[in-house]
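Reader: I have a sequence and a structure to read. Could we go through them in questions and answers?

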Amino acid sequence: MNALPFDVLAPSSSPPRCKKHPEAPAGWRCQDCDSALCPDCAVGRRAQTVELVGCGLCGGGALPLLGHRSRVPLASRLTRAWRYVFTASGLQVLMAVSLSLALLGWMLEMTVVFLKVLPLAMYGSMFWGTFFTLVRDTSRGHTELETPEFTDFFRDAVLPGFRGLSAVLVVWLPAGLYGVFARPGGGAFNLEALAGFTEGGFSTAVWADPVFWVLVLLGVVWLPMALLLTAAGHPITSVLNVVGVVQRARLLGRDYLLTSGVLVGLAGLHLAAHGLASGVRWLNVVLLSRVLAEGLTLVVPFTAAHVLGLLLYVRGDALGYGVARDYLEPVLGETKPRRAAPPMSGAAPLPEDGAAPVVVENATQKAASEGLAALATAVDARDVPQAMALYSTLRAIPKVRVPPAHHLFIGQAAAVEGNFPLAVQALESAADVAPDDPTAPRALVLLARVLGERMQDAARAEEVYRYVLHRYPDSSAARFARERVTPSSD
């Protein structure tokens, strides 16, 4: 088994204590002296648009200590799940989707029989497309309900509708078939039960049959995994693989049982909501009754989508959903260093208090020119190890001497190699030395992705994305950034 990176804590371990203040939990670890640092010993320092952290003990660079999301129990996250729909944005989305479904429901009633399939398909597509969008949004850390964007109706609505309906049918098919073709007392399949079911439901013998209830219980346990796999993009064959479903459920352990129990409770509330919605429809107040009735029956499904999304957010790596490092987050959350250093213009290490700054001597210009030429050769040859080694030796040279394309190359390579501080320094330099060069917006977008997706600094990532929107509004980088910036409230 591979050892964990030095900045990642084992799932069952407690946060280390600060080297200088043993009573304080540490949130960073120095890359040079390996000391665990608390907020009083970590030093914030800014290089243009980027905020880094240094070690207040030796002056080296520090990385945040990361722990798996499951260190915060799913149960504690679920205690706030009920608020998901009942926010300003949540109620707006609820009403918008309710209006759409109410209109489709009206079309379904008014359309002639042989054309009912079209509004019915659109109704199912709208519901399941919204449901799975909310699951995936929550799995990416969104805590508020946002309006789904169906930019491609087939991909965003029709296909999810088909997949959602298929998953539900697969789960409830065993109980349904047994209920229709029940065999009370044994014997051949009772085909008369099919006619009885179409007239008024299952026979009385079926409701008293323990085998039927075992199949219902199987569906209750199976359904959450079927919806999770569907939301995570797995093919429908993975839902049919009962052995694989059981193995995945075991990997999720108590979190899966907890989620299943919550969904069972929500199912009871859903039945009550349907009863209330029937009374609202009976009032028959033009379109208002339809919209309110749809809204009442959507509260529980939207909440259930959020619950499933929280399980994916915490334990999705067990299902192969996303990248393993995406499930790591700073152990101290949003806590920042309490000390700050003056803004930096380069990448020189943070000196200890009273230490003299590093000075670049002009006598090295010839060697620097040779190094820059060698760097250009390595970049052209796509020799990543050689390019990164040369770049490290040239870091003391003013950034204007290194072409922006070379900064960008090193930033991309360092990000792939997992050297995120170097990636940040190189990408920030690529944008700083030539802000009007086409490489600048590309470098800034990659910088934001490294900050947000790899260094778990979502706030700084959004700051860079917003700068891209302001500085390069008509670029492809701005279009990419716009999809990842939290909408402004004004």
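Author: Arg29 stands opposite Leu63 in E5. The model is predicted, so local features need pLDDT of at least 70 and side-chain atom pairs count only at pLDDT 80 or more, while totals for chains, interfaces and linings use all residues. Residues are numbered from 1 along each chain as its sequence is written, and side-chain values use heavy atoms, with hydrogens and water left out.

Reader: How many bridges join strand E1 to E5?

Author: Strands (E, at least two residues) and helices (H or I, at least four) are DSSP runs, numbered from the N terminus. Two strands pair if DSSP finds at least two bridges between them. E1 covers residues 28-30 and runs antiparallel to E5. The number of bridges joining them is 3.

Reader: At what angle do helix H3 and helix H7 pack?

Author: H3 spans residues 117-139 and H7 spans residues 210-231, with their axes 10 Å apart. Axes are lines fitted to C-alpha atoms, for helices over the stretch in contact, and angles run from 0 to 180 degrees between N-to-C directions. H3 is roughly perpendicular to H7 (65 to 115 degrees). The angle is about 85 degrees.

Reader: Which residues of H7 make the contact with H3?

Author: Contact means heavy atoms within 4.5 Å. H3 contributes Trp128, Phe131, Phe132, Val135 and Arg136. From H7 come Leu227, Thr230 and Ala231.

Reader: Is His306 buried or exposed?

Author: His306 lies in helix H11 (residues 286-315). Leaving aside its neighbours within four places in sequence, His306 is in contact with Ala81, Tyr84, Thr138 and His142. Buried means under 20% relative accessible area, exposed over 50%, and partly exposed in between (1.4 Å probe, protein chains only). At a relative accessible area of 6%, His306 is buried.

Reader: How many residues of H15 are buried?

Author: Helix H15 (residues 420-433) reaches 20 Å from its first C-alpha to its last. Its buried residues include Phe420, Leu422 and Gln425. H15 is largely enclosed by the rest of the structure, because the buried count among its 14 residues is 11.

Key
Parallel < 35°, antiparallel > 145°, perpendicular 65-115°, else oblique. Expected span 1.5 Å × (residues − 1).
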